[in-house]
Amino acid sequence: MNINWQLCLADGTTNFAHGYPSFAVSVGVLYRGKPAAAAVVYAEIVSDVLFGLFTMVQWKSTVSYPASLVEFVGGPMCWNTRTFSAAAGKGAFANGEKIHVSGTDKVEQSLLVTGFGYDHDDPWTTNMELFKEFTDVSRGVRRLGAAAVDMCHVALGIAEAYWEYRLKPWDMAAGVLIVEEAGGTVSCMDGGRFSVFDRSVLVSNGLLHAKLLEKIGPATENLKSKGIDFSVWFKPENYHTEV
């Protein structure tokens, strides 16, 4: 078995429940553990997109894999969408126009994004401290509450980086592909090689990655020293990966 589907039907669940404009439907297709196709889509067209992704995975040897994200923006009385798309090796796009991560190379000139899980445990506390530290040295840290959307904001170049502990594979599979195709960098929060089965993620414009890891890396290593589990999440039995 080489193909695995990662679906999050309400990325930004609490936002969706309150009508706050930062949520999406996230669909990622992994081929041997690596994101091969992705979509974050409006619910009414999910079935069409799923069929398209499945067809493309079947023909992996002869096609490029597209990824798309439809972000809900605005809010009550003014809902709108912004569509992100990408194909492996073909770049990333927003509303049909090519996008790229920002060229900001100074943390003090950056806008950063992070997220917090529901459990107020050691990783939550550690990230709260990181939130405070980076708020002091950057132009601000935002917490929007939808991982796939946050990653697309990095790809679009309106934010320089996003990180979070304890995300699940279905939270990350779509967004990381779009960031990479926009020229960004993806790693675990300790700086290690990333796979969607990992328990932390840092995406950035690349230029700031090492500088961010100067704070994020040691904080993550400290969590490891306390025995916090950073092993990969469950992978389906007999699922063959290259990661």
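Let's start with Thr104. Where does Thr104 sit? In the loop between β7, residues 97-99, and β8, residues 112-114. Buried or exposed? Thr104 counts as buried, because its relative accessibility is 17% and the cut-off for buried is under 20%. Keep in mind that this is a predicted model.

Now the whole chain. The protein chain has six helices and 12 strands. Of its 243 residues, 49% are buried. The accessible surface comes to about 11300 Å², and carbon and sulfur atoms hold 54% of that. Next, contacts. Take those with a separation of 6 or more: 66% of them join residues 24 or more positions apart.

On to the sheet. Five strands make an open sheet, in the order β9-β8-β10-β12-β11, and the pairing is mixed. Which strands are at the edges? β9, residues 141-142, and β11, residues 185-187; each of these pairs on one side only. Look at the β11 end. β11 runs antiparallel to β12, residues 200-204, and three bridges join the two. Within that pair, Ser187 stands opposite Leu202 of β12. One general point while we are on strands. In a regular strand, side chains alternate between the two faces of the sheet.

Next, a hairpin. β5 covers residues 80-87 and β6 covers residues 91-94. The two strands run antiparallel, with four bridges between them. Ser85 has Phe93, in β6, as its bridge partner. Three residues separate β5 from β6 in this hairpin. In the turn, find Gly89: its phi is positive, about 75°.

Now the largest pocket. How much space lies in it? About 730 Å³. The lining has 31 residues, and the closest to the pocket centre are Phe116, Gly117, Tyr118, Glu164 and Leu167. What is the lining made of? There are 14 nonpolar residues, eight polar and nine charged.

Reading along α4, the buried ones are Ala147, Ala148, Val149, Asp150, Met151, Cys152, His153, Val154 and Ala155. After α4 comes Gly157, with a positive phi near 90°.

Last stop, Phe230. You will find Phe230 in the segment after α6, residues 209-225. Phe230 counts as buried, because its relative accessibility is 16%. What does Phe230 touch, beyond its neighbours within four places in sequence? Its contacts are Tyr165, Arg199, Ser200, Thr220, Leu223 and Lys224. Pick out Tyr165 from that list. Phe230 and Tyr165 are 65 residues apart in sequence, yet their C-alpha atoms are 9.4 Å apart in space.

To recap with the two residues we began and ended on: Thr104 is buried at 17% relative accessibility, and Phe230 is buried at 16%.

Terms used
Residues are numbered from 1 along each chain as its sequence is written. This is a predicted model: local features need pLDDT of at least 70, side-chain atom pairs count only at pLDDT 80 or more; totals for chains, interfaces and linings use all residues. Side-chain values use heavy atoms; hydrogens and water are left out. Two strands pair if DSSP finds at least two bridges between them. Buried means under 20% relative accessible area, exposed over 50%, partly exposed in between (1.4 Å probe, protein chains only). Contact means heavy atoms within 4.5 Å. Accessible areas come from the Shrake-Rupley method with a 1.4 Å probe; for residues, only the protein chains shown count as cover. On a 1 Å grid over the protein atoms alone, a cavity is a set of points where a 1.4 Å probe fits but cannot get out, and a pocket is an open set with protein on both sides within 12 Å along at least five of seven lines; lining residues have an atom within 4 Å of a point. Grid points are joined across faces, edges and corners, and a volume is the space filled by probe spheres set on the points. Ala, Val, Leu, Ile, Met, Phe, Trp, Tyr, Cys and Pro count as nonpolar, Asp, Glu, Lys and Arg as charged, and the others, Gly among them, as polar.
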